[in-house]
Amino acid sequence: MKKIVSIQDISCFGKCSLTVALPIISAMGIETAVIPTAVLSTHTGEGFKDYTFRDLTSDIPAIAKHWKSMDLKFDALYTGYLGSMEQVQIVSDFFDDFSTKDNYIIVDPVLGDAGKLYAGFTQEFVSEMKRLCAKADFIMPNMTEVAFLLGIPYTETYDEAYVRDVLRRLAALGCKVPVITGVHFDDKQQGAAAYDSVNDKYYFSFDKNVNMRFHGTGDIFSSVFSGACALGMDIQQCLDIAVKFTLDCIEATIPNMQETWYGSCFELCLGKLIEYVNKR
Ligand code: PXL
């Protein structure tokens with residue numbers, strides 16, 4: 001059985017980070033170990049305020065030491081939202097301890113959305129996240145995170161040449177394969193783009209565009225992508241399954257939006273995800 005360790009916070013209510021990664025990667029038939037980096041009462045995104053935040057950074061080195069003593073190995077190390085600069089540094093040390101020549105390091109550099117950083121994040125934090133990206137095989141920023149990582153203005157209108165250019169610049173940060181999520185050249189289609197800097201090859205995957213924002217879709221995308229990668233799918237297959245499942249989740253959320261404004265109804269789609277994996 002394949003094994004992934006996912007390192008990110010647990011937002012107790014709000015459907016993101018570990019409460020998304022754990023069910024999704026497990027549904028793909030992959031053992032999912034977790035390192036919760038913080039416990040929050042809700043996520044920090046729009047609509048929630050006064051959330052609690054318990055930092056668990058100091059637990060991470062002890063967990064790593066225990067796992068190291070058991071010689072645990074993972075097919076992928078997958079990180080999402082990280083809550084402090086110190087935490088990013090400790091996760092970086094974890095990569096040094098647990099990366100092997102056969103496993104993948106996957107960093108979702110969770111920084112912001114809609115042109116803005118999430119609450120509590122600063123430019124210094126962005127710089128720290130850039131350093132973590134340099135160690136990754138795959139990073140999967142959205143366009144807001146691309147702008148912050150590269151220090152360029154955020155734009156909602158761009159063409160394919162722009163996407164290819166920023167993908168190359170992301171690879172220059174040091175990661176092998178940058179993947180950009182939420183890419184759209186018109187109102188009809190949305191998807192993701194990737195650049196394999198080792199083989200100098202670009203990949204695109206598009207599906208129907210839904211012109212609305214849903215919280216947690218980035219976590220859904222990167223969880224499925226990480227699972228697909230651990231299962232040995234190639235870059236195009238990883239993009240295709242992640243784009244398709246993210247759209248499934250968005251479409252399942254639309255009829256429930258009044259009640260579920262804070263996240264996506266991915267639970268209703270897990271059966272489809274299992275089918276996609278089995279059909280492969
Ligand atoms: O979905 C990304 C995410 C994860 N974890 C926390 C967040 C967010 C985005 O807002 O606040 C705590």
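**A walk through one predicted structure**

Good morning. I begin with Asn142, which is placed in the loop between E8 and helix H5 (143-150). Helices here are DSSP runs of H or I with at least four residues and strands are DSSP runs of E with at least two, numbered from the N terminus. Residues are numbered from 1 along each chain as its sequence is written, and side-chain values use heavy atoms, with hydrogens and water left out.

Is Asn142 buried or exposed? Asn142 is buried, with a relative accessible area of 14%. Buried means under 20% relative accessible area, exposed means over 50%, and partly exposed is in between, with a 1.4 Å probe and protein chains only. The side chain of Asn142 has a polar atom 3.0 Å from the backbone oxygen of Gly112, and a polar atom of that side chain is 2.8 Å from the backbone nitrogen of Glu145. Each of these is a polar contact, that is, a pair of N or O atoms within 3.5 Å; within protein, one atom must be able to donate a hydrogen and the other to accept it, and residues adjacent in sequence count only if both atoms are side-chain atoms.

I turn now to the ligand. How many residues surround the ligand? There are 13, and the closest are Asp9, Thr44, Tyr81, His215 and Asp219; a residue is near a molecule if one of its heavy atoms lies within 4 Å of it. Asp9 brings a polar side-chain atom to 2.8 Å from a nitrogen atom of the ligand. Thr44 has a polar side-chain atom 2.6 Å from an oxygen atom of the ligand, and for Asp219 the distance from a polar side-chain atom to a ligand oxygen atom is 2.7 Å. The ligand taken alone exposes 310 Å², of which the protein buries 98%. Such areas come from the Shrake-Rupley method with a 1.4 Å probe; for residues, only the protein chains shown count as cover. The shell contains five nonpolar, six polar and two charged residues. In this scheme Ala, Val, Leu, Ile, Met, Phe, Trp, Tyr, Cys and Pro count as nonpolar, Asp, Glu, Lys and Arg as charged, and the others, Gly among them, as polar.

The next topic is charge. Side chains of opposite charge can pair when their charged atoms come close. How many salt bridges does the structure hold? It holds 14, a salt bridge being a side-chain nitrogen of Lys or Arg within 4 Å of a carboxyl oxygen of Asp or Glu.

One of them joins Arg213 and Asp113, at 3.3 Å from N to O. Arg213 belongs to the loop between E11 and H7 and Asp113 to strand E6 (residues 112-113), so this pair ties together parts that are 100 residues apart in sequence. Arg213 is exposed, at 51% relative accessible area, whereas Asp113 is partly exposed, at 27%.

Another salt bridge pairs Asp137 with Lys176, whose closest N and O atoms are 2.7 Å apart. Asp137 lies in the loop between helix H4 (123-133) and strand E8 (138-139), and Lys176 in the loop between helix H6 (160-171) and strand E9 (177-183); the pair links distant parts of the chain, 39 residues apart. Asp137 counts as buried, with 13% relative accessibility, and Lys176 as partly exposed, with 41%. Shared partners also join Asp113, Glu156 and Arg213 into one network of salt bridges.

Lys15 has a phi near 55°, a positive value in a residue other than glycine. Lys15 is found in the loop between strand E1 (3-13) and helix H1 (18-27) and is buried, at 17% relative accessible area. Asp200, too, has a positive phi, near 50°; Asp200 lies in the loop between strand E10 (189-196) and E11 and is exposed, at 52% relative accessibility. Finally, Ile274 is part of helix H9 (residues 270-279) and counts as partly exposed, at 36%.

Notes: Predicted model: local features only at pLDDT ≥ 70, side-chain atom pairs only at ≥ 80, totals over all residues.
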